[in-house]
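Let us walk through this structure step by step. Keep the sequence and the 3D view side by side as you read.

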Amino acid sequence: MPDSGFKTETRARPRHDLDAERKVLAAILLDGEGHLAVLPRVQTITRAEDFYDPRHALVFTVAGELQAEGQPVDVITVCAKLKARDRINTVDRQFVGELTDETFTVAHCEAHARIVAECALTRRVFEAAAAVQ
């Protein structure tokens, strides 16, 4: 069952929104050739370490690498890059493919990226406060 909506900070599970994370990645993958500049737009808002799910962070990182190399960013190219880095066992083709299953548009990608960034900021504030205690 998808994890949607903001999760509040608790000791067990820090604030995150996995649905927003998936929507950001889906928008990047759906943009493919980069004609809508989704990746550069969301990179101005969030970064890989903002993602709560480490698999999402890895996909975001690989997408950025592909774009920097002038390659298209889609399920096939992301999985090929993961395989080349021996990370395909961490994030397999089914996982990457499922990111786009429920998303058919890149609309609102910046709003979703802001949610990811805000959740990450909240986690960092709580971590800093806990370190001071």
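A disulfide is a pair of cysteine sulfur atoms within 2.5 Å. How many disulfides does a search of the whole structure find? The search finds zero. Keep in mind that this is a predicted model.

Take Cys 119 as an example. The closest cysteine sulfur to its own is in Cys 109. The two sulfurs are 17 Å apart, so they are too far from each other for a bond. Cys 119 counts as buried, because its relative accessibility is 1% and buried means under 20%. Cys 79 is buried too, at 2% relative accessibility.

Cys 79 leads us to helix H4, which covers residues 75-84. Which residues of H4 are buried? They are Val 75, Thr 77, Val 78, Cys 79, Lys 81 and Leu 82.

Now look at the two ends of H4. At its start, Asp 74 reaches in with a side-chain oxygen. That oxygen comes to within 3.1 Å of the backbone nitrogen of Ile 76. Just after H4 comes Asp 86, with a positive phi of about 55°. Asp 86 sits in the loop between H4 and H5. Is Asp 86 buried or exposed? Its relative accessible area is 67%, so Asp 86 is exposed.

His 108 also has a positive phi, near 70°, and it is not a glycine. Find His 108 in the loop between H5 and H6. His 108 is exposed, with a relative accessible area of 60%.

Next, move to the inside. In soluble globular proteins, nonpolar side chains tend to be buried together. Here, the largest nonpolar core has 33 residues. Which of its residues touch the most other members? They are Ile 28, Val 42, Phe 60, Val 78 and Val 96. The elements giving two or more residues to this core are H1, H2, H3, H4, H5 and helix H6 (109-132). H3 gives the most, with seven residues.

Pick out Val 42 and see what lies around it. Setting aside neighbours within four places in sequence, Val 42 is in contact with Val 24, Ile 28, Phe 60, Cys 109 and Ala 113.

A pair of aromatic rings is described by the distance of the centres and the angle of the planes. How many aromatic pairs does a search of the whole structure find? The search finds one. The pair is Phe 51 and Phe 60, with ring centres 5.0 Å apart. Their planes meet at 40°, so the pair is tilted. Phe 51 counts as buried, at 5% relative accessibility. Phe 60 is buried as well, with a relative accessible area of 5%.

End with a polar residue, Asp 53. Where does Asp 53 lie? Look in the loop between helix H2 (38-43) and H3. Is Asp 53 buried or exposed? Its relative accessible area is 10%, so Asp 53 is buried. Apart from neighbours within four places in sequence, Asp 53 is in contact with Leu 18 and Glu 21. Compare Asp 86, another loop residue, which is exposed at 67%.

Notes
Residues are numbered from 1 along each chain as its sequence is written. This is a predicted model: local features need pLDDT of at least 70, side-chain atom pairs count only at pLDDT 80 or more; totals for chains, interfaces and linings use all residues. Side-chain values use heavy atoms; hydrogens and water are left out. Buried means under 20% relative accessible area, exposed over 50%, partly exposed in between (1.4 Å probe, protein chains only). Helices (H or I, at least four residues) and strands (E, at least two) are DSSP runs, numbered from the N terminus. A polar contact is a pair of N or O atoms within 3.5 Å; within protein, one must be able to donate a hydrogen and the other to accept it, and residues adjacent in sequence count only if both atoms are side-chain atoms. Contact means heavy atoms within 4.5 Å. Rings of Phe, Tyr and Trp (its six-membered ring) pair if their centres lie within 6.5 Å; planes under 30 degrees apart count as stacked, over 60 as edge-to-face and the rest as tilted. A nonpolar core is a set of buried Ala, Val, Leu, Ile, Met, Phe, Trp, Tyr and Cys residues joined through side-chain atoms within 4.5 Å.
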